[in-house]
Amino acid sequence: MRGRFIDRILMAVCGLSFTLLALALVGLLYILSPGLKTITPSFLFSSIHEGGVLEPIVGTVYLFAGGAAIVAPIGTFTAVYMVEYAPKSLLTRLVDKTINNLAGVPSIIFGLFGFTFFCKFMGLGVSLLSGWLTMACMMLPIMVRSVEEVLRTVPESVREASLSLGATKWQTVRHVILPAVMPGILTGIVLSMARISGETAAILFTACFYTMRGLPRTVLDPVLTLTYYLFIHVVAEPGELDMPSLFGLALTLFMVTVTLCSAAFALRAYFRRRWRI
Amino acid sequence: MKFKMETIDLNVWYGRKHVLKDVCFKVPEKKVTAVIGPSGCGKSTLLRCLNRMIEVVNDAKVKGKVLLDGRNIYDSNVDAVEVRKKVGMVFQKPNPLPKSIFENVAFGLKIRGIRGAELVRRVEEALRDAGLWRDVKDRLTESAFKLSVGQQQRLCIARTIAVRPEVILMDEPCSALDPITSAKIEELIKKLSDKYTIVVVTHNMQQARRISDYTAFLYMGRLIEWNSTEELFEQPQKELTKSYLKGRFG
């Protein structure tokens with residue numbers, strides 16, 4: 001009797017949470033829907049001087065691509081070292097936990113760090129390059145963690161098979177493990193890009209100038225992104241952009257983020273199935 | 001009789017657990033040697049010592065000597081990778097590499113620098129010797145995981161013999177297989193003993209009797225008896241061996 005009562009309560013709680021989430025999603029789409037009409041090829045592909053969002057879109061792509069290009073090799077090799085090479089000691093565990101905790105650090109702190117270290121100390125100024133490096137710092141823990149996770153899904157018996165054939169540790173990693181976890185590495189890249197896709201705080205003082213006009217010509221030029229452009233128009237200079245355009249901008253950003261996250265989940269699901277023999 | 005491998009006072013610990021105790025074991029050249037004993041007696045551990053795969057296990061500590069052609073493979077100037085190039089291994093559970101059927105066999109050859117036509121020839125030869133060629137010749141690019149378990153084990157044998165090791169170690173190679181497939185693998189082991197020195201760990205006494213020329217009986221980490229298979233089964237010298245063979249414990 002009592003069990004059934006608890007059962008019902010649990011079901012009600014679960015149902016309520018689900019309904020709330022569904023409502024939130026509908027609400028979000030409703031709020032963003034005025035922007036739907038704005039999203040036309042001419043809006044997406046014309047300059048900000050003509051009421052478009054070309055520069056922020058291209059800037060966002062630049063920033064993502066550069067950050068990913070920096071973080072992919074570093075993150076992969078860090079994870080390979082942690083899982084395949086590092087001795088199973090207290091220090092290794094400590095470093096591993098620290099990397100995990102780094103993922104939870106608020107992005108504004110990364111922004112401040114990037115500003116003081118990359119922009120000032122290294123003299124890179126407010127630039128695309130500073131933005132890349134700051135983004136890479138933020139992406140690193142996610143990248144390392146997701147590659148570590150896929151490396152651990154490779155059964156020990158596979159490593160043994162390779163070693164028993166006379167392969168060295170590095171040959172095993174290079175020719176057996178890494179090709180097998182390649183989809184997982186891709187997932188890691190997409191996941192870490194998803195982490196920074198909505199990022200504003202970290203690039204606020206490291207990579208963006210609103211006053212900059214046109215696309216960056218070198219890596220030392222500042223860059224404009226969707227998030228920053230939206231932030232400027234909502235907070236700093238309200239009224240300069242009309243409402244539908246603002247919502248169009250938000251919707252574009254929303255879709256970029258959702259696409260990245262879905263891609264990551266699809267890749268991950270595909271990869272998890274592979275080892276089930 | 002020439003001994004290909006020999007262990008002298010071999011002791012192994014996993015952490016504090018003493019799993020092999022003063023084992024002196026001999027492996028005659030180009031014969032099949034079986035290692036029998038109840039589970040947990042240290043059979044697999046002994047086997048792993050023979051190609052230094054024991055070092056992959058966490059916390060394992062080895063003391064004593066293991067000679068391959070009279071040379072201690074645990075000497076500080078001997079590279080474990082070189083040892084494993086000479087002493088191949090087939091595992092209990094088939095463990096194909098996450099690659100195509102062809103690449104599974106080619107991998108060991110490639111890391112030895114074999115390329116091109118020679119590579120293709122050697123892969124085919126190995127698959128033929130393992131009795132798998134007819135089954136897979138039209139699907140070499142398919143994933144090895146698509147094969148049946150028995151075929152996977154043959155593939156593992158094929159990739160081991162492709163690199164022409166001097167010794168092949170087999171850790172209960174039939175335990176994951178059905179009786180008919182096991183019989184085929186047993187036949188294969190017998191055939192391979194013309195060319196290779198083979199050590200087979202098995203908990204199946206009948207199997208040891210069918211396929212091996214020599215048998216060692218291991219119990220609680222000690223080598224109780226070692227003799228030609230016929231003599232060990234017909235006239236065991238030790239009481240323990242007698243009762244084990246009669247099935248009094250196991």
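Axes are lines fitted to C-alpha atoms, for helices over the stretch in contact, and angles between N-to-C directions run from 0 to 180 degrees. Helices (H or I, at least four residues) and strands (E, at least two) are DSSP runs numbered from the N terminus.

This is a predicted model, in which local features need pLDDT of at least 70 and side-chain atom pairs count only at pLDDT 80 or more, while totals for chains, interfaces and linings use all residues. Residues are numbered from 1 along each chain as its sequence is written, and chains are lettered from A and ligands numbered from 1 in the order in which they are written.

**View 1. Helices H3 and H6 of chain A.**
The axes of helix H3 (residues 54-85) of chain A and H6(A) come within 6 Å and cross at roughly 40 degrees. H3(A) and H6(A) are therefore oblique to each other (under 35 degrees counts as roughly parallel, over 145 as roughly antiparallel, 65 to 115 as roughly perpendicular, and the rest as oblique). The crossing of H3(A) past H6(A) is right-handed; a crossing is right-handed if the near helix is turned clockwise from the far one by less than a right angle, and left-handed if anticlockwise. The contact of H3(A) with H6(A) comprises 21 nonpolar, six polar and three charged residues. In these classes, Ala, Val, Leu, Ile, Met, Phe, Trp, Tyr, Cys and Pro are nonpolar, Asp, Glu, Lys and Arg are charged, and the others, Gly among them, are polar.

**View 2. Helices H5 and H6 of chain A.**
Helix H5 (residues 107-121) of chain A and helix H6 (residues 128-153) of chain A have axes that come within 9 Å and cross at roughly 135 degrees. H5(A) is therefore oblique to H6(A). Their crossing is right-handed. Residues of H5(A) in the contact include Phe110(A), Gly114(A) and Phe118(A), and those of H6(A) include Leu133(A) and Cys137(A); two residues are in contact if their C-beta atoms, placed from the backbone, lie within 7 Å.

**View 3. The domains of chain A.**
Chain A has 11 helices and zero strands. Domain 1 covers 1-37 and domain 2 covers 41-274, with bounds from an automatic or database domain assignment. The C-alpha centres of the two domains lie 31 Å apart. Five residues of domain 1 and seven residues of domain 2 form the contact. On the domain 1 side, three are nonpolar, one is polar and one is charged.

**View 4. The open sheet of chain B.**
Four strands of chain B form an open sheet in the order S2-S1-S4-S5, with antiparallel pairing; two strands pair if DSSP finds at least two bridges between them. At the edges are S2 (17-28) and S5 (71-72), each pairing on one side only. Strands S1 (residues 3-14) and S4 (residues 60-68) of chain B are joined antiparallel by eight bridges. Within this pair, Asn11(B) has Lys63(B) as its bridge partner.

**View 5. The hairpin of S9 and S10 in chain B.**
Strand S9 (residues 214-219) and strand S10 (residues 222-228) of chain B run antiparallel, joined by six bridges. Tyr219(B) stands opposite Arg222(B). Two residues lie between the strands of the hairpin, where Met220(B) takes a positive phi near 50 degrees.

**View 6. The contact between chains A and B.**
Chain B has 20 residues in contact with 17 residues of chain A. Helix H2 (80-86) of chain B gives the most to its side, with three residues. The side of chain B that touches chain A has 11 nonpolar, five polar and four charged residues.
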